[in-house]
Amino acid sequence: MSILSLWLPILASAIIVFVASALVWMVLPWHKSDFKKLPDEEAARRALKGLVTGHYMVPYCMDPAELKNEAMRSKYIEGPQAFITVADNRLPQMWPKLVASFLYYVAVGVACAYMVSRTLPANAVYLEVFRIAGTTAFLAHGLAYVQDSIWFSRPWSLTAKNLMDALIYALLAGGTFGWLV
């Protein structure tokens, strides 16, 4: 079986996961507490004004040798430590993000199709296809969040929620592939 022959499960899984993602983020309550309001948002906005789009770190220390400097060490000890992502100054645009999300789900579907087409025969049964496609989808949707918690202090509770989302998406993608292959 070829990847191109799996175009239907690729597109169907992308559509199903896209709809599930919308439901998870708009209907289910578990992501409502993902972000916190700053105690003095206006002061923070004034302090960050002028930053260009990018990812910032406070305190900034890219050379471990700087940690020998007492002033740098005290910045870490006194805090705060932060990783800040600055987006473009404009109203949020949902359509480009929705299109990019859908294309990402298609790419995950292609990865699932690749794994299914390279590991299973054309006459594979539902559970075999489900296992390979579902595992691939879970890896694609979930594991990157773990390293964000390890390296960038993303709360583990957020990672746990995102892994739950990944499990939902993986079950749906695996089921779609099992059904349509």
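Q: Why is Asp34 called buried?
A: This is a predicted model, and in it Asp34 has a relative accessible area of 12%. Buried means under 20%, so Asp34 qualifies with its 12%.

Q: What makes Lys161 and Asp34 a salt bridge?
A: The closest N and O atoms of Lys161 and Asp34 are 2.8 Å apart. A salt bridge requires a side-chain nitrogen of Lys or Arg within 4 Å of a carboxyl oxygen of Asp or Glu, and the pair therefore meets the definition. In general, side chains of opposite charge can pair when their charged atoms come close.

Q: Which parts of the chain does this pair link?
A: Lys161 lies in helix H7 (residues 156-180), whereas Asp34 lies in the loop between H1 and helix H2 (41-48). The two residues are 127 residues apart, and the pair links distant parts of the chain.

Q: Is Lys161 buried or exposed?
A: Lys161 has 16% relative accessibility. The limit for buried is under 20%, so Lys161 counts as buried.

Q: How many salt bridges does the structure hold?
A: The structure holds four salt bridges. One of them joins Lys37 and Glu41, with the closest N and O atoms 2.8 Å apart.

Q: How do you know that the side chains of Arg45 and Glu42 meet in a salt bridge?
A: The N to O distance is 2.9 Å, and the cut-off is 4 Å, so the pair qualifies. Arg45 and Glu42 are three residues apart in helix H2, and they are therefore separated by about one helical turn. Arg45 is partly exposed at 48%, and Glu42 is partly exposed at 41%.

Q: Which residues have the most contacts inside the largest nonpolar core?
A: They are Cys112, Val116, Leu120, Val129, Ala137 and Phe177, in a core of 22 residues. H4 gives the most to this core, with six residues.

How values were computed. Residues are numbered from 1 along each chain as its sequence is written. This is a predicted model: local features need pLDDT of at least 70, side-chain atom pairs count only at pLDDT 80 or more; totals for chains, interfaces and linings use all residues. Side-chain values use heavy atoms; hydrogens and water are left out. Helices (H or I, at least four residues) and strands (E, at least two) are DSSP runs, numbered from the N terminus. Buried means under 20% relative accessible area, exposed over 50%, partly exposed in between (1.4 Å probe, protein chains only). A nonpolar core is a set of buried Ala, Val, Leu, Ile, Met, Phe, Trp, Tyr and Cys residues joined through side-chain atoms within 4.5 Å.
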